[in-house]
Amino acid sequence: MTVAGFQIPDRRVAWRWARENLFDGSWNTALTVGMVVLIGVALYGVGNFVFASAEWEAITANRKLFFIGAYPRDEAWRIWAVIYVLAGLGGLSWALWSRISPLLAIGGAIAMIPVFVFMAHGEVALLTLGSLAAFGGGYAFGKTPALSGRYRNTARTVAVFLWIASLPFSWVLLDGVPTRLWGGLLLTMVLTVFGITIAFPFGVLLALGRASTFPVIRLFCVGFIEIVRGVPLITILFMAFFLLPLAIGPERTILFGIPVTGVDTATVQRALAGIVIFAAAYLAEIVRGGLQAVPRGQTEAAKALGLNTFHILGFIVLPQALRAVIPALVGQFISLFKDTSLVLVLALTDLLGAARQVSAQPDFIGRQAETLLFIALIYWIVAFNMSRASQQIEKNLGVGER
Amino acid sequence: MAAAQGSSASELRRILTLWRNVRVQRFVGQTVFAAIVIYVGYLLISNMSGRLDQIGLSLFPFVDTTGSFPFISVSGDFLNQRAGFDIVETSFGYDYGPNDSYRDAYFTGFLNTIRVSGMGIVFATIIGVFIGVSRQSKNWLVSHAALAYVETFRNVPLLLQLIFWYVAIYLKLPRISNPLDLDIAIVTNKAIALPFVSPESGFGIWMIVLLAGAAAGAAAYVVRSRRQDATGLPSHPGWWALGAFGAIGLIGFLATGLPLETDTPSIANRQVIGGLQMTPEFGALLTGLTLYTAAFIAENVRGSIQAIPKGQTEAAAALGLGSFQRMRYVILPQTLRILIPPTTNQYLNLTKNSSLAFVLAFKDVFGTGSVIITQTGQAVPIIALLMITYLSLSLFISLVMNTINSRLKWENA
């Protein structure tokens, strides 16, 4: 019997399993005993902290700060609107693409219930449940006979365009509040999602440039990629913070003889610019791996059919290359999600910044361990679930099996 | 008239043929690309320089275009000015004080970066290999404890871990007024100190003797391993090398009149004095970097062990090799070849991540650079200098690791 990948044996089998895996020889038995003691001590320490000495009020009193920072409560509907649209689109896409049962998504949501119960109260809980309903609604819509049958391909194309349109839509909606008030998990997610999606086309271009037969273009792309990858993200953020407003500011910028005015250089946008530069270089290396994985014969066959360079890239090479690197792209998303915590050095209040702010509040001085462990849990849940999802995708795509 | 028309038509044809020539296309395309890059770069730089002029700074303070040939500006070299800030922790005994120049301060920070990265790389490798091998353990508890370690540490941002180690662990250690004295160590939240040795007179001579001992050890290793290769008799080159080095070192130690003295730490004037000291900032940085990177190295180790076909172990066992010999002569050499490239990446990451020391107020090269930026306003040259510094460090590590990798390939070829 198997539950969630673990063997759940009956009693006799359990005894045999234990003998084979835990008490196989004197050395192994000693190891088991030692580990039991070690794990016991660790569990006791953690349990003692979580249930006895920790004061979780530092978290419960600051729910809003952790999730949206200084974003005004009256304007929170903007965030909810974005969440509902994305949840609905997510449900629709799940129905249109995935061969996996939606139970997996529901399972993931259930795993997060403890967090919601802890965090949500009153209308927030209702609105959160509502977003699950939006997901379900999108899924049901996608499973209607028309969309899952005849118009499936049209629906997929429309869904892709909706996803692309959802990004500027979200930014415009959220931007009703100045970016300096954005914070908490909201800011972390905005920096990650916008960072990676804006960087993606640049990454693809850089990868193509690196594979180009034009020496000048190749040199430029290799130089950009290697320099960005050779320095810490923190220097790129500093560069964006200090040098970007000097290079392109509101009043002086003249691009190709046209004065460009009003380039917004608030800190969030500067940080985002730095993250885009950083992510583009790393994405370029990932895409390059994908390009190398496409057999040469594909390009040659396309050429023999008389396709031009752009058609070969757009219809033959890139679809295969990008498909092969989806797991690596998810991996890059996870690492960027963690790396956005570095905007703390630019005095932004992302998730980590929020935790630092809480432990500076007079009521909760010295409660650093609680706040840090709490946000560590949030980071962990997101990162761990995404890496599991990426393994699932890898399996579904059969990458490396063909 | 007709002739003129004919010539202009052939002219047109000539231009069209020229335009369809791939080489011409490539040349024009690249020239246009280069022109755009140069123009945009020029715009950005002239923008920057114009704005810096407004606040009385120069984009290239080291360059004096009005001067004579090397065009180096002496007055603009702000790195020679007095730094005025102190760096509490220095590395490798480098002497620095607030009266030294910015250049010295930057160099002090650079040495600190090298120290923390070097130590981090050593410890992360040891722990990473240990955890990675544990992941393959037949003992269910051990392999799953290792899995839990990996999943915990690599899914939480490093910066968060660093801050956690610093504020929730190292700063929560006993205060200096109430230190934890463990006889072998003094533990306070200002410093953790272990007994150490300090050089006495004759130390320099002994160091030279030690170098000679190392050379003798290396020679013994070569001679003995050649004998082993030639005769097939077990010749224990490692033990011979160690023995030669130890014997010469011990003789030198006695002959130079015991040039080391034990240095036990103590507390005086609310300060920890003597011994081998570690500040909480350095401790938190080293702990965080090591444990985070070790999780990634452990995954590399696991992957590379799994990549070795089972038949290798079985064949080695069939030849009568013991478990240690199987690991040493069959599995490990093959594992290393797969392991080194991804591990090089982790070493590079660790070195770059050491710049997060900035948040802990540990003055590594980045932290020092940022202080210089705030004091002088010279963001452009300092950020450029920092990038060059990190690029050279990355290049150095890659070179070392590539050399090791190619040596391995050569030996096993």
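1. A salt bridge here is a side-chain nitrogen of Lys or Arg within 4 Å of a carboxyl oxygen of Asp or Glu. By this rule one salt bridge crosses the interface of chain B and chain A. Its partners are B:Glu151 and A:Arg388, with N to O at 3.5 Å.

2. Some ground rules apply throughout. This is a predicted model, in which local features need pLDDT of at least 70 and side-chain atom pairs count only at pLDDT 80 or more, while totals for chains, interfaces and linings use all residues; side-chain values use heavy atoms, with hydrogens and water left out. Residues are numbered from 1 along each chain as its sequence is written, and chains are lettered from A and ligands numbered from 1 in the order in which they are written.

3. How many residues does the contact take from each chain? Chain B gives 55 residues and chain A gives 61 residues, contact meaning heavy atoms within 4.5 Å. The two chains bury about 5,200 Å² between them, and 73% of that lies on carbon and sulfur atoms. Buried area is the accessible area (1.4 Å probe) that two parts lose on being put together, summed over both.

4. Between chain B and chain A, nine residue pairs are in polar contact, both residues at pLDDT 80 or more. The side of chain B that touches chain A draws at least two residues from each of the helices H2 (22–54), H4 (140–154), H5 (158–169), H8 (280–307), H11 (365–376) and H12 (379–412) of chain B. H2(B) supplies the largest share, 17 residues. By type, this side of chain B divides into 36 nonpolar, 12 polar and seven charged residues. A polar contact is a pair of N or O atoms within 3.5 Å; within protein, one must be able to donate a hydrogen and the other to accept it, and residues adjacent in sequence count only if both atoms are side-chain atoms. Nonpolar covers Ala, Val, Leu, Ile, Met, Phe, Trp, Tyr, Cys and Pro; charged covers Asp, Glu, Lys and Arg; the others, Gly among them, are polar. Helices (H or I, at least four residues) and strands (E, at least two) are DSSP runs, numbered from the N terminus.

5. B:Glu151 also meets B:Arg154 in a salt bridge (3.6 Å, N to O). These two residues are about one helical turn apart because they lie three residues apart in helix H4 of chain B. Both B:Arg154 and B:Glu151 are buried; buried means under 20% relative accessible area, exposed over 50%, and partly exposed in between (1.4 Å probe, protein chains only).

6. Chain B has an open, antiparallel sheet of four strands in the order E1-E2-E3-E8. Its edge strands are E1 (180–181) and E8 (276–278), each pairing on one side only. Strands E2 (residues 186–187) and E3 (residues 192–194) of chain B pair in the antiparallel sense over two bridges, and B:Ile186 stands opposite B:Ala193. Two strands pair if DSSP finds at least two bridges between them.

7. Over all chains the structure holds 11 salt bridges. One of them joins A:Glu226 and A:Arg210 at 3.1 Å, N to O. This pair links distant parts of the chain, 16 residues apart: A:Glu226 is in helix H12 (residues 215–230) of chain A and A:Arg210 in helix H11 (residues 184–210) of chain A. A:Glu226 is partly exposed at 33% relative accessible area, whereas A:Arg210 is buried at 15%. A network of salt bridges links A:Arg210, A:Glu226, A:Glu285 and A:Arg288.
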